[in-house]
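Subject: Structure handover

Hello,

Here is the structure I promised you. Please load it before reading on.

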Amino acid sequence: VIMYVTLDVEANKVSALQIPRDVYIGDDVKTGGTKKINGVYAHGDEKNQIMNLVKAINDKLDLKVDHYVTLDMDALVEMVNWIDWGFEMYVPCKIVLKDNNGNQETFIEEPGWYTLTGAEVEAIVRNRNYPNSDTQRGEVQRYFYASIIKNFRENLTVSDFIKVMNRFTQNITTDMH
């Protein structure tokens, strides 16, 4: 997931733009031949891969990137599993998962609220088997972000939040200090 987040401290406002992984980025950017933004990270400067993406977002999408944060999927799974009251998420559509052999299994039968484990959330946010591909995948991911905020707001004390963030930061890379 590529998110472009802006923080307006004076207005106490956070805005986020989700950049679909299949956005065409051009012929003159190294993408491994895909010409899509999701190929930019792994091509170009191998020592600082995130800067490949930062440069493409700055140059091609004309969005200024002051800082970056990367988060690995292990952090997402751990964070959801750490929530001992059960992570509740609204799933807006049927979820059909494919395995490596192309076999399909219905995971979520119908839209609704579900209590999920970290592995189940990972399967949902990584799923690419939607009728409307990236558009529907992005919608499902937005429901995940909203669920994270809802779960934390409704259930975390300040000390719980600090514990989560201390564990969570072990799986984050950033240039902010």
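Below are the ground rules, then the hairpins, the loops, the cores and the surface.

This is a predicted model: local features need pLDDT of at least 70, side-chain atom pairs count only at pLDDT 80 or more, and totals for chains, interfaces and linings use all residues. Numbering starts from 1 along each chain as its sequence is written, and side-chain values use heavy atoms, with hydrogens and water left out.

**Hairpins**

Helices (H or I, at least four residues) and strands (E, at least two) are DSSP runs, numbered from the N terminus. Two strands pair if DSSP finds at least two bridges between them.

Start with β1 (residues 2–8) and β2 (residues 13–19). They pair in the antiparallel sense over seven bridges. Isoleucine 2 has isoleucine 19 of β2 as its bridge partner. The two strands form a hairpin with four residues between them. In that turn, asparagine 12 has a positive phi of about 55°.

Next come β5 (residues 95–98) and β6 (residues 104–108). Their pairing is antiparallel too, over four bridges. Isoleucine 95 is bridged to isoleucine 108 in β6. This hairpin has five residues between the strands, and glycine 102 takes a positive phi near 90°.

**Loops with positive phi**

Most residues other than glycine have a negative phi. Two loop residues deserve a look here. Lysine 35 has a positive phi of about 65° although it is not a glycine. Lysine 35 sits in the loop between β2 and α1 (49–60). Aspartate 62, also not a glycine, has a positive phi of about 55°. Its place is the loop between α1 and β3 (69–71).

Buried or exposed: which holds for aspartate 62? Aspartate 62 is exposed, because its relative accessible area is 68%. Lysine 35 counts as partly exposed, because its relative accessibility is 38%. The cut-offs: buried means under 20% relative accessible area, exposed over 50%, and partly exposed in between (1.4 Å probe, protein chains only).

**Cores**

A nonpolar core is a set of buried Ala, Val, Leu, Ile, Met, Phe, Trp, Tyr and Cys residues joined through side-chain atoms within 4.5 Å. The largest one has 24 residues. Those with the most contacts inside it are Phe87, Met89, Ile95, Val121, Ile124, Phe144 and Phe152. Two or more residues each come from α2 (73–82), β4 (87–91), α3 (118–126), α4 (133–155) and α5 (158–168). The largest share, five residues, is from α2. Apart from this core lies another, of 14 residues, among them Ile2, Ile25, Val29 and Val65.

What does isoleucine 124 touch? Beyond residues up to four places away in sequence, its contacts (heavy atoms within 4.5 Å) include Met89, Val91, Ile95 and Phe107.

**Surface**

Val1, Met3, Val5, Leu7, Val9 and Val14 form a nonpolar patch on the surface, with about 630 Å² of accessible area together. Patch residues have over 30% relative accessible area and no salt bridge; like charges are joined within 9 Å, nonpolar side chains (Val, Leu, Ile, Met, Phe, Trp, Tyr) within 5 Å. A salt bridge is a side-chain nitrogen of Lys or Arg within 4 Å of a carboxyl oxygen of Asp or Glu. Areas are from the Shrake-Rupley method with a 1.4 Å probe; for residues, only the protein chains shown count as cover. β1 gives the largest share of the patch, three residues. Methionine 3 lies in β1 and is partly exposed at 32%.

Best wishes
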